[in-house]
Amino acid sequence: MITKAEELFSLQGRVALVTGASSGLGHRFARVLAAHGAKVVVAARRADKLAELVKEIEADGGTAAAVEMDVSDQASIAGSFDEAEKPFGTANILVNNAGIAKRGSVVEFSPEDWRAIMDVNLDGVWYVGQESARRMIAANVAGSIINIASILGRRVAATMAGYAVTKAAVIQMTRSMAVELARNNIRVNAIAPGYILTDINSAFFDTDQGKAMIDFIPQRRIGSPSDLDGTLLLMASDNAAGFMTGSTITVDGGHVLAFAR
Ligand SMILES: NC(=O)c1ccc[n+]([C@@H]2O[C@H](COP(=O)([O-])OP(=O)(O)OC[C@H]3O[C@@H](n4cnc5c(N)ncnc54)[C@H](OP(=O)(O)O)[C@@H]3O)[C@@H](O)[C@H]2O)c1
């Protein structure tokens, strides 16, 4: 029997939690999951942005709720999950997306910037993933955790050391979690996006250096958040990707393959 795409990628009956949903990729991820039938809880620190997103999803016919969450505040994460569970129950899809970027040379990078990037991109991803897995196990539900890494987890770039370290760690965390959580029917995969125009990098792409970089991407463009829709849905869907765990998929217009010119 062949399952048609609409059914293969349907998320009816699923509950998704998306961190960092107040802008950029997370905002898009939440809308895409809701459009495919998931009830979506959107999380971040900016409550006003989350409230706008909930309205947008509802206007599109979807179901959503918002919860304030600071992923860098470990002590608050369990409480935020308690709030997140109130509207729809335990999330069986987690998009572990919240992240920040900070530029600075190796010799000048400040301890404050190093701590901040580790707190959000490394500790935050770990503690949110851990809490989510604990709750899926307690509720005895199969689940999918999707971590958002980066091509800078696979290669490096000058002035991006701290960020690259966290994203390499996210790829290894994805594999480590996948191995242990497979016995609980929880799949853990990661997306490694190339450069996608969002608030995290729009200032950089306004500079000459940023514009010049586009020439070195084989497809000669930066991505838009919609370029990740298919990979997100694949990883979220137990029907489409039930045998896939521990994988990191690169979506980057060919950027990591080679310098184009
Ligand atoms: N755009 C790219 O080219 C690209 C490429 C590779 C990987 N990524 C990754 O994709 C993810 C999303 O980035 P983006 O491009 O969408 O950037 P963005 O537009 O700046 O969004 C970042 C999101 O993370 C949230 N966030 C930041 N600190 C947080 C905290 N302490 N607690 C909870 N939420 C927090 C922000 O919400 P609040 O400020 O409201 O909390 C915001 O919603 C990041 O992990 C990033 O590293 C992006």
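**Rings, charge and sheet**

Modeller: Start with a cluster: ring pairs link Tyr195, Phe204 and Phe205. This is a predicted model, so local features need pLDDT of at least 70, side-chain atom pairs count only at pLDDT 80 or more, and totals for chains, interfaces and linings use all residues. Residues are numbered from 1 along each chain as its sequence is written, and side-chain values use heavy atoms, with hydrogens and water left out.

Colleague: What makes two rings a pair?

Modeller: Rings of Phe, Tyr and Trp (its six-membered ring) pair if their centres lie within 6.5 Å. Planes under 30 degrees apart count as stacked, over 60 as edge-to-face, and the rest as tilted. By this rule there are three aromatic pairs.

Colleague: Why is the pair of Phe109 and Trp114 called edge-to-face?

Modeller: The centres are 6.4 Å apart and the planes stand at 90 degrees, so Phe109 and Trp114 form an edge-to-face pair.

Colleague: Why is the pair of Phe204 and Phe205 called edge-to-face?

Modeller: Their ring centres lie 5.2 Å apart, with planes at 70 degrees, so edge-to-face is the label.

Colleague: Why is Phe109 called buried?

Modeller: Buried means under 20% relative accessible area, exposed over 50%, and partly exposed in between (1.4 Å probe, protein chains only). Phe109 has 16%, so it is buried. Trp114 has 35%, so it is partly exposed. Phe204, at 10%, is buried. Phe205, at 8%, is buried.

Colleague: How do you know that Arg103 lies over the face of Phe204?

Modeller: The rule asks for NZ of Lys or CZ of Arg within 6 Å of the ring centre and within 35 degrees of the ring normal. Arg103 is 4.2 Å from the ring centre of Phe204 and lies over its face.

Colleague: What is the strand order in the open sheet of seven strands?

Modeller: The order is S3-S2-S1-S4-S5-S6-S7, with parallel pairing. Strands (E, at least two residues) are DSSP runs, numbered from the N terminus, as are helices (H or I, at least four).

Colleague: Why do S3 and S7 stand at the edges?

Modeller: Strand S3 (63-68) and strand S7 (248-251) each have a single partner strand, so one side of each is left without a neighbour in the sheet.

Colleague: How do you know that S4 and S5 pair?

Modeller: Pairing needs at least two DSSP bridges between two strands. Strand S4 (residues 93-96) and strand S5 (residues 143-148) have four bridges, in the parallel sense. Asn96 stands opposite Asn147 in S5.
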